[in-house]
Every structure is written in C-alpha cells, then in structure tokens.
Amino acid sequence: MTKKKVELEDKFLLSIYPVIKALAHPVRLKILNHLKEGGASVIGIVEGTGINRQVVTFHLGLMKEAGVLTSMKEGIYAIYQIDGDVIESLSEDMMEFALP
C-alpha cells in the first residue's frame, strides 16, 4: 500500500469518525430508533423512550454536533429529526471503503 493511499484512507476515516462515534452508543441508538418514525421534541423522545430528560438532551446535542440530527423550532419546542442525507452518505462511504 502506498503512502498516498494510506493518507487518503486516514483522511476518510477521520472524516466519518464523528458520525460513527455519534451512532456508537446504546442511548443514541434508542433515540434514533424513536426518531426514525419522524421528528420529535425532547419531551416526545423522553416519553417515547423512557430515557431521562437530561440524558436525552445530552445525547441529542452530541448527535446534532456530529451532523446526524437537525432541529427546527416549532413554537417553543425544538423538533429533532434524523438527517437522512448524512446517514445515506455514511452508508455509501462505508460501502466504498469496505468493498474493493
């Protein structure tokens, strides 16, 4: 393997690492599973998952920072949604990386 190819692979891995890390936690996976049905507020996620509000808020922040989630204001609530483009891009990138 050439040095240039290793450098490209390292860059690629570093670029997808934040998204993979954001997905790699049981609480975040449970929240994502809840959000796959559509957007929800913190209260909706707490009620739908049974996870403590502070824990939900913490994990939503991490996933939003990594680009996995988006949010929009709806009245006084923030509605969180999965960013399908990011997940689709990650899936395509992983397939490219894994397959020769």
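Val27 sits in helix α2 (residues 26-35), where helices are DSSP runs of H or I with at least four residues, strands are E runs of at least two, and both are numbered from the N terminus. Keep in mind that this is a predicted model: local features need pLDDT of at least 70, side-chain atom pairs count only at pLDDT 80 or more, and totals for chains, interfaces and linings use all residues. Residues are numbered from 1 along each chain as its sequence is written, and side-chain values use heavy atoms, with hydrogens and water left out.

**Around Val27**
- Skipping residues up to four places away in sequence, Val27 touches Ile51, Val55 and His59; contact here means heavy atoms within 4.5 Å.

**Around His59**
- His59 belongs to helix α4 (residues 53-65).
- With a relative accessible area of 7%, His59 is buried (buried is under 20%, exposed over 50%, partly exposed in between, using a 1.4 Å probe and protein chains only).
- Neighbours within four places in sequence aside, His59 is in contact with His25, Val27, Arg28 and Ile31.

**Around Tyr77**
- Tyr77 is part of strand β2 (residues 77-82).
- Tyr77 counts as partly exposed because its relative accessibility is 40%.
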